[in-house]
Amino acid sequence: MQQSQRQLDNEAIAAISRLTAGDLSAAEFAEIEQRLLADDAFRQAYVEQVDLETEIEHQLKGIPADWPTPPQTPRYVWIGALALAASLLLMATMLGVTLMRDQPIAAGPPQLEYVEAQLRGLRAVAVVTQIEGELTASDESIQVGSRIKPGSLRIGGGALQLEFLSGVAIRLSGPSELHLLTPDSATLIQGSAAAIVPPDAGNFTLNGPVSAIAASPSEFVYSTTGPETAQIDVFQGEVMTSLLGENGDTLLNELVKTDQSARFGGKAIEVADSSFAAADRIRVLPIDDALLSVTDQYAAAIIADQPLIYWRFGPNEQQGDLVRNVMSDRYAGLIRSDDDSVKVERGSLHFQPSKRSRYFKLNEPIAGLNANDFTIEMWVRPTRMHWATILGLLPVGQMEMEKELHLAVLEYANHTNLVHRPATMRFLYRYPSTSYAGGMNVFSAESCTPGLWHHLVAVKSKEGISLYLNGKLRQVFDRLTIKDEEAYTAVLGQLDTIRPDRQFDGQMDEIAIYPHALSPEQVEVHYQTMTGDSPR
């Protein structure tokens, strides 16, 4: 008799709960593992419940404001993480049915091959951000910007960098094979993988001959040196390494800290202090500071549509901390940073994370901006997936000393407290701006790949709010006939001028604010003038 979907879901939830709590015996663990391999319906229910648990965890997870020095991790956190590693081992076993191969990576011209796991309901877990070397792909599904679902990824040479949707960056150095499991986990079959786990990513599990659970923030390299041997070099943070038995139980575990290495062979883990020379470190490649190639035709198109403010960040447009508005002598931009984490460099505005409040803002407010329609337009290039404020419109009159209210917010939204696709753009409009909750939201139609420039346009009109990302439009309709003569200022790069929260990490350029709504035709002309591409 076929089981109902509800019964399958309940059995999968019970298995996951007992597994993460450490309540399963060796025999029960083996029984679940065998059922995952043999029972298609139960396997699908298990995958969907693991995915749901992961999504709920991300929705409830708080986002730290900066990158603190890693504290000593409490023992109970590692115990829970080890239980999760056992759960991921089951998933790896399950995916291995469709992914594992007997042959090693072939010699010869470097190849790039991706095989997606043939299971229903799987969502993308990572994005390709960089490809190095002359890698010949087996198909066109793997290129910079590609979203990858669970599956196997093999490279015969060169290097390939991924950004998991949790924010973790992984760089594979060929020849290597990596199995992608979830936004928080992967398995290294062979080769070398360098990883950076940012502070807002939580724990990341990289399995292999041993299980490595990295606490954020951390940076390490995992290299397989044989079928049952490996080495982990920790450059920053903490990595809990564990030898797992055939049934998934932890046989031995050791905590590896900053400037330490762990070597694995047979049934032993050896941890020793190490001195890593810069030349010896296999690093995740930083996103380079690529310039936005702005043509005179693009600038002319912007100016023809008469923005009130147009910041271009050219070589002759900065005087001290002020950036000139090319439309008039008013509304200059002001850099507020005492640690160089906000600066104009090579023709664009650069933001880096800081423990201190830092931002870019108007040097004088705009009176009556919300009395009519308005538009915000810019080019944005995030360097990693994170939850960050790109631009906020704030009323000049504020109610509190510890935080500030917003009329509108443009955000790079990744793992926020709202439901949306990962690494998307968000436009929030809230009037009257007398509350810290509620408002109208519209999210972009596509995700934003770190390292690429994106054209971003937000429009507030009498009919509602609109958001364009690379020319593609999303709208929320509402009647917005408002009598508001209040003055508003613009703050870029963090949530407001007081809290160093949601700091943007990346570049901005060609920022324009219009006292009217751009039409869809005008937005398309701007995008096509810069790129030559049609968004449709």
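**Notes on the predicted model**

1. R154 counts as buried, because its relative accessibility is 8%. The model is a predicted one, and in it the side chains of R154 and E113 meet in a salt bridge with an N to O distance of 3.5 Å. Since R154 lies in strand β5 (residues 151-155) and E113 in strand β1 (residues 111-116), the pair ties together parts that are 41 residues apart in sequence. E113, for its part, is partly exposed, with a relative accessible area of 27%.

2. Two further salt bridges deserve a look, out of a count that comes to 15. D496 pairs with R499, the closest N and O atoms being 2.7 Å apart, and D496 counts as buried at 0% relative accessibility. Salt bridges that share partners also join E113, R154 and E177 into one network. K343 forms a salt bridge with D340, where the closest N and O atoms are 3.9 Å apart; here K343 counts as partly exposed at 22% relative accessibility, and D340 likewise counts as partly exposed, at 48%. As background, side chains of opposite charge can pair when their charged atoms come close.

3. Which residues have the most contacts inside the largest nonpolar core? They are M378, I390 and L492, in a core of 50 residues. A second, separate core has 40 residues, among them I155, L180, A214 and A262. Taking I390 as an example and leaving aside its neighbours within four places in sequence, its contacts include M378, V380, L410, Y412, L456, L492 and F504, and also the charged residue E411. In soluble globular proteins, nonpolar side chains tend to be buried together.

4. Q260 is buried, with a relative accessible area of 16%, and a polar atom of its side chain lies 2.8 Å from the backbone nitrogen of K257. Not counting residues up to four places away in sequence, Q260 touches I232, D233, V234, L255, V271, A272, D273, S274 and F276.

5. Where do the cis peptide bonds that join G174 to P175 and Y431 to P432 fall? P175 lies in strand β7 (residues 169-182), whereas P432 lies in the loop between β26 (424-429) and β27 (440-443). Omega is about 0° at the bond between G174 and P175, and about 0° at the bond between Y431 and P432.

6. Finally, on the surface, I131, V144 and L452 form a nonpolar patch with about 190 Å² of accessible area together. V144 is found in the loop between β3 (136-137) and β4 (147-148), and is partly exposed, with a relative accessible area of 37%.

Note on methods:
Residues numbered from 1 in each chain as written. Predicted model: local features only at pLDDT ≥ 70, side-chain atom pairs only at ≥ 80, totals over all residues. Heavy atoms only, no water. Patch = residues over 30% accessible without salt bridge, like charges linked within 9 Å, V, L, I, M, F, W, Y side chains within 5 Å. Areas by Shrake-Rupley, 256 points an atom, 1.4 Å probe, with all protein chains shown as cover. Salt bridge = Lys/Arg side-chain N within 4 Å of Asp/Glu carboxyl O. Helix = DSSP H or I, 4+ residues; strand = E, 2+ residues; numbered from the N terminus. Buried < 20%, exposed > 50% of the residue type's maximum accessible area, 1.4 Å probe, protein only. Core = buried A, V, L, I, M, F, W, Y, C linked by side-chain atoms within 4.5 Å. Contact = heavy atoms within 4.5 Å. Polar contact = N/O pair within 3.5 Å; in protein donor to acceptor, adjacent residues only side chain to side chain.
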